[in-house]
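Subject: Handover of a structure and notes on it

Dear colleague,

Please find the structure below, together with its sequence.

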Amino acid sequence: MIEPQRIRRRPRRAVAVRAVLALLVGVVLGAVGPVSAAAAAESTTAPASPAARAVSAAVSTSPNESAPLVVLGVSGLSWTAVRELAASDDPLVAADAAAVLDYAAANEPVNLVQRTVGEASCPADGWLTLGAGTRARADASHLHATTTCSGGTWTSAARLAQADGYGAEPGTLATALEAAGVSYAAAGDGAVLALTNAAGPPDSADPAALLAGSGTGAAGDRAADDGAAPGLILIDLMGTPDSGDTGPASAPTEPSRAAQAVQALAQALGELTGPARVVVVSVADPQDPSPQLAILPAGTTSTRGSDGGLLVGPSTHRRGLIQLTDLAPTLLAALAGRDAVAASGLSGGVLTLPTAPTAGAADPSAGAADPDSPAGADRTAALADDAVHAVASERAVIPVTLVLLAAALVLLVAVGLGLRRPRRGALGRLGWAACWVTALPAGIWLANLVPWWRANTWAPALAALVGALGAGLLTGLAALLARMPRLGAPGAALALAATAPVVILADAAVGAPLGFNGPLGMNAVVAGRFYGVSNTAFALAAGALVVALAVGADRFAATRGHRRAAVVAAVAVPGVLALAVDGAPQLGADVGGALTLIPALVALGAGLAGVRLGLRRWLGVGAVTVGVVGGFALVDYASGSRTHLGGFVAQVLDGTAGTTLVRKAGALVSPFRSSPLALAALAVGLVLAVAVARWLPRTVRRARAGRGPYAWLATTPAPAWLSPALRALAVLVVVEVLVNDSGPTMLLFSAAAALPALAALLLSGPGQASPTGAASARAR
């Protein structure tokens, strides 16, 4: 076995050197026609050489053969950057960017999730992930406080993969191609790293020799030995950045990395003249976490179809969005078939590439949009807007979370102070304030109906404002409902308590268009989840759901003769519906949520029905919970859709589930190890929790003894639903913290949804929480 070679770093290339590389690429590929006559006339590249034309003839395919696959890779290039460069004052840069846009319009442009391991992804990480088919990193240097990208080595990547918990095996694509008898070659540091496996690096000799089948070197036998071109050729058009390349503080300015990438790509595309299937990809950008550019051949299809002229990603379920981890199984399936993908263990989504060569911009007849048509421009504009949306969502999560938690905390403090000296009308106003905070999660979810993300630096503030206005609108509608005699203020408060679970779960049932890239939702930058019910969504929905079901079931049973049967039905029917949406593979696909929701609903129903749950019954509840979630997972696995549920079953069967469990267990504490701010917030939270835990029992004892400002509360009976609701909430937060990788943040979100709802319902109901009842109780 040959020890994988260390990939040497190269200094930054000058424009002239890149032009020579572009000519070399033309010799390697012989792929598609000139991007456009106008762009070619203005480009700095020379016409295709006789050698390139000769090689193009050598790689021609018969009508019954698939064209070879060529991957052109760059870094630091997004659709937003390309569109901005197309309007550049530099005519050469503008022409190159326009050429790339024309080429994209003739093929299948998409956004590419660049997330690998950690918040920043270096080009070497992107190339390594492309070759592994699983998130991986080349080295750990860029995970420090100052991002520094280096080329990395296969050896270091293999070592790090064991600790990262994603089950990555660097070079999986190369190993699978060898097993299927498909030849391959690489040019450029990143491409060589992507196709390096335990047997050593791929052939990186003269590209013309590779295509002629006479490549030599450590892995020369991996090129075709029958005079044909390799089945797969990976080319890194930019090489590996040197160790001086860092994050935003030292980003290149003249020309920018995006300009370098677009120039290299346009030059390469302008030189390709023969038949090949070409995939263009920007593998990473350590300076910008937004989705990167990718262009697939015209005629590429997805099992999930298309939406608005853009492919729907097989693993993301989102329009125009695929993951970097989807490329390895897609390339392997195009060269060796889907059986080879199954045998390789690659778990990314598979797109079906055409067998015919890629269409150039000058030949849009392959079925793609005409580059001069509005549809062609609209696709790249939509992709650029989606990328801006994703970045804005990632930036908005923390500010909007702080707004939500602060609103809940201020409300609870105000209610605590208001209950000390209740005055007529004051508690009523607090009740409506509680209604507004109760509606805030739903308002934030509905904010995605408004394009808040286009406000640039003000996007997070606008998202919070729109969410607050949405909550105000919902509260206004509730005020109108309160005028109805049959509902009144209690019914209106109950309706508001139900808004968060209804909005969030209904959104998940239709594909989560509001939750994805929302102010509090999942997004394409963090890339932890793309569809279904996220941890944040579940915590908000479940916290409010338990409260709403407790009050609703109690009201329902009050008008029925058989209370126990009535409350069980009132909890079970909507609870099972919520469970189906949350846990079903094609809807919520939420493993942790389903594991949490069942015991919480059982605790609520049993409490309302007056049934005591002992140890044996809780063991039965646990068995039923595991059985239901296991049933969801097996159905998903058997159907082949492989969402989060079915994917875990596959990991259990192949023995890699342990790495996922360890990684998720580590995620419970990793934010507090890597972020001083998160650690400080945890410390503050613990101090507050200890303070409340000391203050509350003492205050309750004094009130029951008839002393202190809250003594009047002890003389007023609590509603029958309150104690079961509190016990169910306790079960909810304990289980969700234990089984979800978001850990303690789940408790915060559930509390932010449940406690304001409790306050709104208690302050709007008859008895001690109403202003009149409070005043009369005080007078007594």
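Predicted model: local features only at pLDDT ≥ 70, side-chain atom pairs only at ≥ 80, totals over all residues.

Residues are numbered from 1 along each chain as its sequence is written, and side-chain values use heavy atoms, with hydrogens and water left out.

The sheet

Seven strands form an open sheet in the order S3-S4-S1-S5-S6-S2-S9, and their pairing is mixed. Strands (E, at least two residues) and helices (H or I, at least four) are DSSP runs numbered from the N terminus; two strands pair if DSSP finds at least two bridges between them. At the edges are S3 (184-187) and S9 (321-323), each of which pairs on one side only. Strands S2 (residues 108-113) and S6 (residues 292-296) run antiparallel and are joined by five bridges. Within S6, Leu-293 stands opposite Asn-111.

The salt bridges

The structure holds four salt bridges, a salt bridge being a side-chain nitrogen of Lys or Arg within 4 Å of a carboxyl oxygen of Asp or Glu. Three of them are described here.

One joins the side chains of Glu-108 and Arg-379, at 3.5 Å from N to O. This pair links distant parts of the chain, since Glu-108 is in strand S2 and Arg-379 is in helix H14 (residues 374-420), 271 residues apart. Glu-108 counts as buried at 13% relative accessibility, and Arg-379 is also buried, at 6%. Here buried means under 20% relative accessible area, exposed means over 50%, and partly exposed lies in between (1.4 Å probe, protein chains only).

Another joins Asp-385 and Arg-454, at 3.0 Å from N to O. Asp-385 is in helix H14 and Arg-454 is in the loop between H15 (426-446) and H16, 69 residues apart. Arg-454 counts as exposed, at 52% relative accessibility.

The side chains of Arg-563 and Asp-554 also meet in a salt bridge, at 3.1 Å from N to O. Arg-563 is partly exposed, with a relative accessible area of 33%, whereas Asp-554 counts as buried at 17%.

Helix H16

Helix H16 (residues 459-482) has 24 residues. From its first C-alpha to its last it reaches 34 Å, close to the 34 Å expected at 1.5 Å a residue; the expected span is 1.5 Å times one less than the number of residues. Its buried residues include Ala-459, Ala-463, Gly-467, Gly-470 and Leu-474. An α-helix has 3.6 residues a turn, so residues three or four places apart point the same way.

Two backbone angles

Which residue in the loop between H15 and H16 deserves a look? Asn-456 is found there, and it has a positive phi of about 55° although it is not a glycine. Asn-456 is exposed, with a relative accessible area of 56%. Ala-527, likewise not a glycine, has a positive phi of about 60°. Ala-527 lies in the loop between H18 (499-509) and H19 (535-558) and counts as buried, at 2% relative accessibility.

Yours sincerely,

A colleague
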